Amino acid sequence: LYSRTCLCKTMSASQGSTNTNTEPWSSFDNNIIQGRGSAVIDMENMDDTSGSSFEDMGEMHQRMKEEEEVTAEAAATEEDNGEYGDFLGMKGLKGQLGRQVADEVWQAGKRQASKAFNLYANIDILRPYFDVEPIQVRNRLIESLIPVRIINFPQKVAGELYGPMMLVFTMVAILLHGMKTSGTVIREGTLMGTAIGTCFGYWLGVSSFIYFLSYLCNAQITMLQMLSLLGYGLFGHCMVLFITYNVHFHSLFYFLWLVIGGLSTLRMVAVLISRTVGQTPRLILCGTLAALHMLFLLYLHFAYHKMVEGILDTLEGPNIPPIQRVARDVPVVASAVVNATIKSIAAVVQSQ
Amino acid sequence: MAEVEESSKPMFAGLSDISISEDIPVEGDISVPVSSHNADNDFSTLDEPVKDTILRDLRAVGQKFVHVMYPKKSSALLRDWDLWGPLILCVTLALMLQGGSVDSEEEGRPQFAEVFVIIWFGSVIITLNSKLLGGTISFFQSLCVLGYCILPLTVAMIVCRIVLVGGSGLVSFVVRLIVVTASFSWSTFASTAFLADSQPPNRKALVVYPVFLFYFVIGWMILTFSPSQ
């Protein structure tokens with residue numbers, strides 16, 4: 001409403017200033033003034049949202065769009081009013097009136113919808129978090145495996161979402177590969193849905209949980225920083241899973257789990273310690289994060305693992321990949337008993 | 001405001017003195033020629049036979065296929081974008097990946113809906129990502145490019161199906177691996193030839209990586225496809 005009155009004011013002001021001109025050219029002067037007024041609207045071509053907050057930008061866009069629509073509406077209603085005056089008789093009255101009302105309702109509805117859309121589906125809200133260079137991403141990936149030494153003053157955490165999102169999608173791809181090669185059967189659901197749900201659920205869920213715990217423990221970390229920290233911590237997970245889904249050595253997995261998983265956990269824990277005060281809060285926060293992070297890697301490896309390596313060793317002789325363990329020499333009866341028990345265990349586990 | 005008004009007034013103030021003398025006859029034709037031809041042109045596509053409409057659309061789609069197979073710096077894909085081609089390719093790929101049997105014991109074969117959702121939501125996410133990174137391409141143009149660049153992977157799927165008819169041993173696996181790898185890198189290269197131009201030059205790697213991942217996942221689904229016996 002306020003924009004409408006603004007416009008009326010400018011129009012009346014211009015008319016008031018040009019009443020000394022001769023009649024045929026007054027409208028020409030109005031156009032000049034309105035043309036000068038459009039210099040203010042040129043600002044919407046300035047597409048620089050890096051400095052201003054998104055609410056200001058959203059409001060500015062909204063105001064300009066409303067002004068444009070109001071001028072269009074004013075022009076349209078002026079034309080309609082002119083035609084309305086020409087029509088005589090009830091039929092003409094109803095036709096014009098009905099059309100006008102329908103038009104107004106449509107315009108109002110459209111304005112409401114576009115306002116809501118611009119406010120909620122505005123992609124510019126996320127734009128600052130994706131403002132990175134490739135070299136920065138590469139540096140942060142490497143830094144995620146290097147624990148910091150200084151823990152007595154708060155360590156800097158980068159607040160970007162591009163790296164974590166790409167890492168989550170990479171992990172989804174690696175999980176799909178692992179599920180395929182291990183022959184996992186998903187009963188209620190699809191392979192892709194499970195992989196996406198697991199990865200995104202971990203990233204978003206554990207970030208929110210640790211953010212909640214850090215709120216309880218008075219740690220100085222924002223949600224964006226937590227998302228970013230945990231996302232980059234998935235880089236170690238990706239590496240370990242990529243190697244061990246292709247090379248099925250248990251001892252290799254345990255070694256990588258301790259070393260690479262441990263390094264990325266240590267980095268996250270050190271950053272959190274540097275932002276928390278007090279022994280008990282530090283212990284609670286970092287213990288939880290360490291446990292969840294390490295256990296997640298363990299879960300991912302074993303959930304989609306070939307559970308029945310024993311059977312493969314003895315039954316499918318010619319198809320043994322060269323890296324797998326070789327079956328030991330056991331008597332035939334003993335091996336039959338072992339196979340039967342393994343099959344029953346596998347059946348029980350799979351039926352769960 | 002007042003100063004600008006005064007500076008502009010002298011520019012147009014002189015025009016108010018112009019008067020048309022009565023010696024010069026002023027005449028002309030004020031009637032606007034009603035061009036019924038223009039009105040007909042707007043609606044002419046409604047009157048043509050259906051065959052013409054379909055053939056015109058098919059020709060446009062086929063032309064874009066050619067642009068994808070020989071990716072050079074042309075703006076045809078971007079200028080007249082359409083989503084028919086991606087739909088045809090996506091449905092073909094999903095149908096071929098489904099296989100023949102409706103056996104519920106089969107492990108891990110992607111369902112039709114899975115492939116469909118992967119392709120379309122993957123494209124949407126890549127488009128959002130490239131827009132957030134400051135790209136100048138529009139939403140549907142990007143969807144169109146990504147969808148059309150699935151064509152090499154569809155061709156690879158057909159080839160794999162043919163190879164699998166012959167047998168599923170090590171040789172066929174190696175052949176399929178080579179074909180899928182070649183087509184997946186062709187797809188990635190073709191789409192970056194169109195998409196990367198709209199990005200600032202030092203951030204091309206940030207846009208190329210999700211595209212690479214997307215076609216890698218689709219290529220992986222094609223490679224691990226095994227028909228039921």
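User: Which residues of chain A does UniProt list under "transmembrane region"?
Analyst: The unreviewed UniProt entry lists 161–179, 191–214, 226–245, 251–271 and 283–304 of chain A. Keep in mind that what we're looking at is a predicted model.

User: What makes residues 191–214 of chain A a helical span?
Analyst: The secondary structure there is 100% helix and 0% strand, with the end C-alpha atoms 34 Å apart. For residues 283–304 of chain A, the figures are 95% helix and 0% strand, with 32 Å between the end C-alpha atoms.

User: Why is A:Phe212 called partly exposed?
Analyst: Its relative accessibility is 46%. Buried needs under 20% and exposed needs over 50%, so A:Phe212 falls in between and counts as partly exposed. This residue is found in helix α7 of chain A.

User: What makes up the nonpolar patch on the surface?
Analyst: A:Phe209, A:Phe212, A:Tyr215, A:Leu216 and A:Leu292 form it, and together they have about 540 Å² of accessible area. Patch members need over 30% relative accessible area; A:Phe212, at 46%, clears that. Helix α7 (residues 191–216) of chain A gives the most to the patch, with four residues.

User: How do you know whether B:Glu114 is buried or exposed?
Analyst: B:Glu114 has a relative accessible area of 11%. The cut-off for buried is under 20%, so B:Glu114 is buried. B:Glu114 lies in helix α6 (residues 112–132) of chain B.

User: What does the predictor's confidence look like for chain B?
Analyst: Chain B averages a pLDDT of 78, and 76% of the residues score at least 70. Residues 1–6 of chain B stay under 50, and the model has six contacts for them beyond four places in sequence.

User: And what ipTM and pTM does the complex get?
Analyst: The predictor gives an ipTM of 0.71 and a pTM of 0.64.

How values were computed: Residues are numbered from 1 along each chain as its sequence is written. Chains are lettered from A and ligands numbered from 1 in the order in which they are written. This is a predicted model: local features need pLDDT of at least 70, side-chain atom pairs count only at pLDDT 80 or more; totals for chains, interfaces and linings use all residues. Side-chain values use heavy atoms; hydrogens and water are left out. pLDDT is the predictor's confidence in each residue, from 0 to 100. Contact means heavy atoms within 4.5 Å. Patches are made of residues with over 30% relative accessible area and no salt bridge: like charges are joined within 9 Å, nonpolar side chains (Val, Leu, Ile, Met, Phe, Trp, Tyr) within 5 Å. Accessible areas come from the Shrake-Rupley method with a 1.4 Å probe; for residues, only the protein chains shown count as cover. A salt bridge is a side-chain nitrogen of Lys or Arg within 4 Å of a carboxyl oxygen of Asp or Glu. Helices (H or I, at least four residues) and strands (E, at least two) are DSSP runs, numbered from the N terminus. Buried means under 20% relative accessible area, exposed over 50%, partly exposed in between (1.4 Å probe, protein chains only). UniProt positions are given in the numbering used here, feature names are shortened, and annotations may be inferred rather than shown by experiment.
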